[in-house]
There are 2 protein chains.
Amino acid sequence: MKIEVYGTQNSVTEKDLKDKTVIVVDVLRATSTIITALENGCKEVIPVAEIDEAVSITRTIDNDTFLLGGERNAVKIEGFHLSNSPLEYSQEVVKGRTVVITTTNGTRAIKKAGNGARTYIGGFRNASAVGAKAAEEGDDLVIICAGTGGKFSTDDILTAGAIISKLLELRTEAIQIDDLGQVCKFLYEYHKDDLWEALKDTHHCKVLMQNGFEEDIRFCFSLDATDVVPFYRDGVIRKL
Amino acid sequence: MKIEVYGTQNSVTEKDLKDKTVIVVDVLRATSTIITALENGCKEVIPVAEIDEAVSITRTIDNDTFLLGGERNAVKIEGFHLSNSPLEYSQEVVKGRTVVITTTNGTRAIKKAGNGARTYIGGFRNASAVGAKAAEEGDDLVIICAGTGGKFSTDDILTAGAIISKLLELRTEAIQIDDLGQVCKFLYEYHKDDLWEALKDTHHCKVLMQNGFEEDIRFCFSLDATDVVPFYRDGVIRKL
């Protein structure tokens with residue numbers, strides 16, 4: 001088994017994903033929001049790259065059953081029901097609904113990740129659950145960090161580290177881990193007892209805090225809060 | 001002052017470099033070799049991306065004064081005088097000569113870096129010298145890590161960390177460092193007392209060791225062995 005990590009979605013090609021298990025991480029906040037929506041009984045999440053595409057898709061869905069969610073530059077999109085804050089995706093709001101979501105980095109990364117053998121959605125909130133799932137599959141694993149604004153984002157890197165750390169607990173054979181995967185694992189294990197302290201001064205956290213989203217960040221950084229493993233296939237994300 | 005680090009040259013655009021001081025790092029082995037050649041009295045180094053281009057350029061230079069150097073996949077190019085091993089670029093061999101060099105990752109990164117306000121060549125061997133030079137300039141700094149085979153390579157990351165660490169010693173104002181820059185600095189400072197131990201199991205080191213280049217690696221990892229700061233302008237690298 002091999003494990004590889006990409007620090008941004010731009011650096012991954014289709015070829016890198018062939019026959020691999022793929023986990024997409026955009027912990028602040030797209031993948032945390034998707035995990036939470038499914039945890040709270042949402043029927044399915046449809047990730048789309050563009051705003052126009054999101055609106056078009058909803059024309060084919062019964063009006064009462066869908067919600068439009070997402071952000072551009074951390075701000076809710078005009079005319080959408082929900083932003084990209086996981087706290088808005090409560091049971092009362094999402095239960096039984098289809099959520100169509102578009103975000104700056106995360107949904108693009110998910111669509112690209114669809115080129116693997118199978119694609120899961122990861123965050124700190126389900127790190128052990130998704131790590132265990134990848135360990136059970138046993139195929140080579142690629143973790144795609146969405147990054148922030150096309151750049152390396154430490155929040156995603158530590159999340160990848162948490163997933164790798166769990167996976168390694170469960171597999172006893174020698175596993176080949178690429179350089180970035182080793183760095184993810186090292187940084188996570190060094191900082192795991194205080195993720196907040198390690199991450200609060202990183203770029204994406206600072207931008208979100210300036211916009212009043214500290215509560216969102218603390219929610220997204222809750223390690224192993226759920227066993228939900230979202231699974232992406234044929235354009236739709238559902239609970240495994 | 002801002003500091004940004006790119007983990008591979010593919011992730012940098014021309015726009016990212018405008019008006020910046022740029023330092024290129026390909027510590028195993030292109031930038032270490034260039035530093036060593038200039039330290040040993042080589043007149044100038046001309047980095048080119050392609051083998052054909054290297055051969056064409058030498059047709060315009062007096063036969064007695066140039067050397068063709070470089071590698072593809074860590075192996076010397078057929079018909080070239082030198083490989084990409086810094087140990088071959090001794091004073092006896094390079095003094096007064098022009099070296100035309102092409103390597104898999106490093107020379108491409110250098111050519112791209114030419115889009116900044118000024119471009120320096122960095123490695124562990126001149127980390128403090130090049131860090132001090134960037135501190136003296138005072139402009140925003142971009143460090144481009146060449147990476148290995150298009151991927152994040154921890155050897156380059158720790159080198160970037162060594163350069164940043166030196167720069168921060170010399171500037172007292174608040175400096176904004178991006179996420180990857182912070183990770184480089186943290187990893188370097190954590191591992192600086194035993195770079196060999198930290199790096200010997202990384203991908204690029206293992207490939208080079210399998211090919212018999214342990215001595216090269218130890219040479220490239222010699223921290224602050226020289227004050228030479230190579231400067232790239234109009235297609236040519238010279239000593240500052």
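A nonpolar core is a set of buried Ala, Val, Leu, Ile, Met, Phe, Trp, Tyr and Cys residues joined through side-chain atoms within 4.5 Å. Buried means under 20% relative accessible area, exposed over 50%, and partly exposed in between, with a 1.4 Å probe and protein chains only.

This is a predicted model, in which local features need pLDDT of at least 70 and side-chain atom pairs count only at pLDDT 80 or more, while totals for chains, interfaces and linings use all residues. Residues are numbered from 1 along each chain as its sequence is written, chains are lettered from A in the order in which they are written, and side-chain values use heavy atoms, without hydrogens and water.

**Core**

The largest nonpolar core has 88 residues. Those with the most contacts inside this core are Ile23, Ile143 and Phe221 of chain A, and Ile23, Ile143 and Phe221 of chain B. Contact means heavy atoms within 4.5 Å. What does Ile23(A) touch, not counting residues up to four places away in sequence? Its partners include Tyr120(A), Val130(A), Leu141(A), Ile143(A) and Ile163(A). Gly122(A) and Ala134(A) are also among them.

**Interface**

Chain A and chain B each give 16 residues to their contact. Together they bury about 1500 Å², 63% of it on carbon and sulfur atoms. Buried area is the accessible area (1.4 Å probe) that two parts lose on being put together, summed over both. Lys151(A), Phe152(A) and Asp179(A) supply 40% of the area that chain A buries against chain B, more than any other three residues.

How many salt bridges link chain A and chain B? The count is 4. A salt bridge is a side-chain nitrogen of Lys or Arg within 4 Å of a carboxyl oxygen of Asp or Glu. Lys151(A) forms one with Glu4(B), and the closest N and O atoms are 2.8 Å apart.

Strand S1 (2-6) and helix H8 (179-191) of chain A each supply at least two residues of the side that touches chain B. Helices (H or I, at least four residues) and strands (E, at least two) are DSSP runs, numbered from the N terminus. H8(A) gives the largest share of that side, 7 residues. By type, the side of chain A that touches chain B has 7 nonpolar, 5 polar and 4 charged residues. Here Ala, Val, Leu, Ile, Met, Phe, Trp, Tyr, Cys and Pro count as nonpolar, Asp, Glu, Lys and Arg as charged, and the others, Gly among them, as polar.

**A buried threonine**

Thr107(B) is found in helix H5 (residues 106-113) of chain B. Is Thr107(B) buried or exposed? It counts as buried, because its relative accessibility is 0%. Leaving out residues up to four places away in sequence, Thr107(B) touches Pro47(B), Val48(B), Ala49(B), Ile101(B) and Thr102(B).

**Backbone geometry**

The peptide bond from Leu28(A) to Arg29(A) is cis, with omega near 0°. Arg29(A) sits in the loop between strand S2 (21-25) and helix H2 (30-39) of chain A. In chain B, a cis peptide bond joins Leu28(B) and Arg29(B), with omega about 0°. Arg29(B) is in the loop between strand S2 (21-25) and helix H2 (30-39) of chain B.

| Residue | Phi | Loop | Relative accessibility |
|---|---|---|---|
| Asp19(A) | about 65° | between helix H1 (14-17) and S2 of chain A | 53% |
| Asn73(B) | about 55° | between strand S4 (66-72) and strand S5 (75-76) of chain B | 66% |

Asp19(A) is not a glycine, and Asn73(B) is not a glycine. Asp19(A) counts as exposed because its relative accessibility is 53%. Asn73(B) is exposed, with a relative accessible area of 66%.
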